[in-house]
Each structure stands twice: as structure tokens, then as C-alpha cells.
Amino acid sequence: MIKIAPSILAADFSKLGEEVLEVERAGADWIHIDVMDGRFVPNITMGPIVVDAIRPLTKLPFDVHLMIEDPDRYIEDFAKAGADWITVHVEAAPHLHRTIQLIRSFGVKPGVVLNPHTPIESIQHILEDIDMVLFMTVNPGFGGQKFIHSVIPKVEQLAKIIKDKNLSIEIQIDGGINEETIVLCAKAGATVFVAGSAIFGEEDRSLALQSIKRAGEE
Ligand code: DX5
Ligand code: ZN
């Protein structure tokens, strides 16, 4: 069973609560929350107060994707605001092991994110300590970009390592996911799929979400 995590970055922020409830009714498995600091990536989005504000609305797991420099400074705030998962970029966390331990110390599941060009060798020594690897299939910073196909071999490579070592790690894909690209990623071994514009950009979110999910399960 695959999981779909709609990214609220593509939602209408003037009615964010309703948007979260709508994708929950549509069958979302997780809610993906994109946090950008204007430094690690060229865009600024939302902080812990937004997570805190929508937390009472749903029981769905909150998957907080930190695209920020020095993530350790904010992990406690996001944990207390109600994050169930926190993912940090390997490119932004030089003391990755410490960062992962910090996330776990708050009872939150840790994951590591790789930019499209970052090799999986960068995380080979931390695989035993994490619960998820997130592969960016666009350059982080904005929704609605084109899927980068050259990431697929990395996904296959990691899926094989996870299988060989018998590890329990989710493989998440973020960027340009739609009915077509999800098929390629699911075949490569991915288990969780972020989708922003392909869900919130559609009039009928339920139809959009369900057809993406069905495509990924085939
Ligand atoms: C990009 C974000 C993504 C983004 C995905 O930096 O991490 O989560 O919202 O949006 P789509 O699905 O439109 O590519
Ligand atoms: Zn994201």
C-alpha cells in the first residue's frame, strides 16, 4: 500500500484549514508541510505557528519537510507544534547524526532529504538511524516544477540496499508527482508520494488524489 501526502504549499492559504479537511476527506494519508527559510532555498513559507494552527483539525500524520539552514534550531518548535515526521536536507545538516537524534528525542520520526544531484552515498552510514529517505525530484523551493527523471536510478539503488539489509525505511518522492510520474517512482520502489499542484490545482481534489493513488498502486 502506497501513501499520498498532499503538499499544502499548493493550497489556498486564505482557507488553509478547509483545504486540509478537504484532502483528508479525499483520502490523504499524510499532510506534507513545506518549510522554507529564504536561505537554503530562495522562497519563504511557513513556520511552527502554522503547524500548531492546523494540528487540532485532523489526526493525519504531519510530515514536516524542513528546507532550512541549521535545522537543529527549530526541531523542538516543530515537534511541539505537532509534527509526526521531520525531514532534514543532508545538504543543510553537517552534523546529521546529531540532528537525527534530536528529532527522535522529541518522539518524532526522522527522515533525510536528498536534492536531485546528491548521491545516496551521502546517507549510507546513517541508514540504520532513520525512518525515511526523501528524494527530491525537483530543485526544492517551489511547487509546480517539472519532474527530474535522472533521480529514478537513485531510488532503485536505495530500494535494493533497503531490501538487502532488511531495513524498515520509507522511500518518499517529492516534486512533479502526477498520474504518470508516480508510476515510475512506485516501480522503482518508492512508498510515499508528495503531490502539491496535481491535487490542490484540480477542481475535484478527491478525483485527483484517488487517480494518482490508483496509478501508483497498479
Ligand atoms: C518543493 C516542495 C514540494 C512541492 C511539491 O520544494 O518540497 O513539496 O510542494 O509541489 P508539486 O507537487 O507541485 O511539485
Ligand atoms: Zn516538500
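Begin by selecting the shell of residues around ligand 1, which divides into 8 nonpolar, 11 polar and 2 charged residues. Please bear in mind throughout that this is a predicted model.

**Stop 1: the surroundings of ligand 1**

Keep ligand 1 in view and display its neighbours: 21 residues surround the ligand, and the closest are Ser-7, Pro-140, Gly-143, Gly-196 and Ser-197. Next, colour strand S2 (31-36), strand S8 (192-195) and helix H7 (197-200), because each of these elements supplies at least two residues of the shell around ligand 1.

**Stop 2: the annotated positions**

Select His-32, Asp-34, His-65 and Asp-174, where UniProt, in an unreviewed entry, places the feature "binding site". Why may these four be viewed together at one spot? They span 143 residues in sequence, yet no two of their C-alpha atoms are more than 10.5 Å apart, so they gather at one spot.

**Stop 3**

The tour now turns to the packing of helices. Two packed helices are described by the angle between their axes and the distance between those axes.

Select helix H1 (residues 16-26) and helix H8 (residues 205-217), whose axes come within 8 Å and cross at roughly 50°. This angle makes H1 oblique to H8. The crossing in which H1 passes H8 is right-handed. To see where the two helices touch, show Glu-22, Val-23, Arg-25 and Ala-26 of H1 together with Arg-205, Ser-206 and Leu-209 of H8. The residues of this contact of H1 with H8 comprise 3 nonpolar, 1 polar and 3 charged.

**Stop 4: helices H6 and H8**

The crossing of H6 and H8 is right-handed. Display the side chains of Ile-182, Val-183 and Ala-186 in H6, which meet Ile-212, Ala-215 and Gly-216 in H8. How many residues of the contact of H6 with H8 are nonpolar, polar and charged? The contact holds 5 nonpolar residues, 1 polar residue and no charged residue.

**Stop 5: helices H5 and H6**

The axes of H5 and H6 come within 8 Å and cross at roughly 30°. H5 and H6 are therefore roughly parallel to each other. On the H5 side, show Ile-152, Val-155, Glu-156 and Ala-159, which meet Leu-184, Cys-185 and Ala-188 in H6. The residues of the contact of H5 with H6 divide into 6 nonpolar, no polar and 1 charged.

Conventions. Residues numbered from 1 in each chain as written. Chains lettered and ligands numbered in written order. Predicted model: local features only at pLDDT ≥ 70, side-chain atom pairs only at ≥ 80, totals over all residues. Near = placed C-beta within 6 Å. Helix = DSSP H or I, 4+ residues; strand = E, 2+ residues; numbered from the N terminus. Nonpolar A, V, L, I, M, F, W, Y, C, P; charged D, E, K, R; others polar. Axes fitted to C-alpha atoms, helices over the stretch in contact; angles between N-to-C directions. Parallel < 35°, antiparallel > 145°, perpendicular 65-115°, else oblique. Left-handed = near helix turned anticlockwise from the far one by under 90°. Contact = placed C-beta atoms within 7 Å. UniProt positions renumbered as here; feature names shortened; annotations may be inferred.
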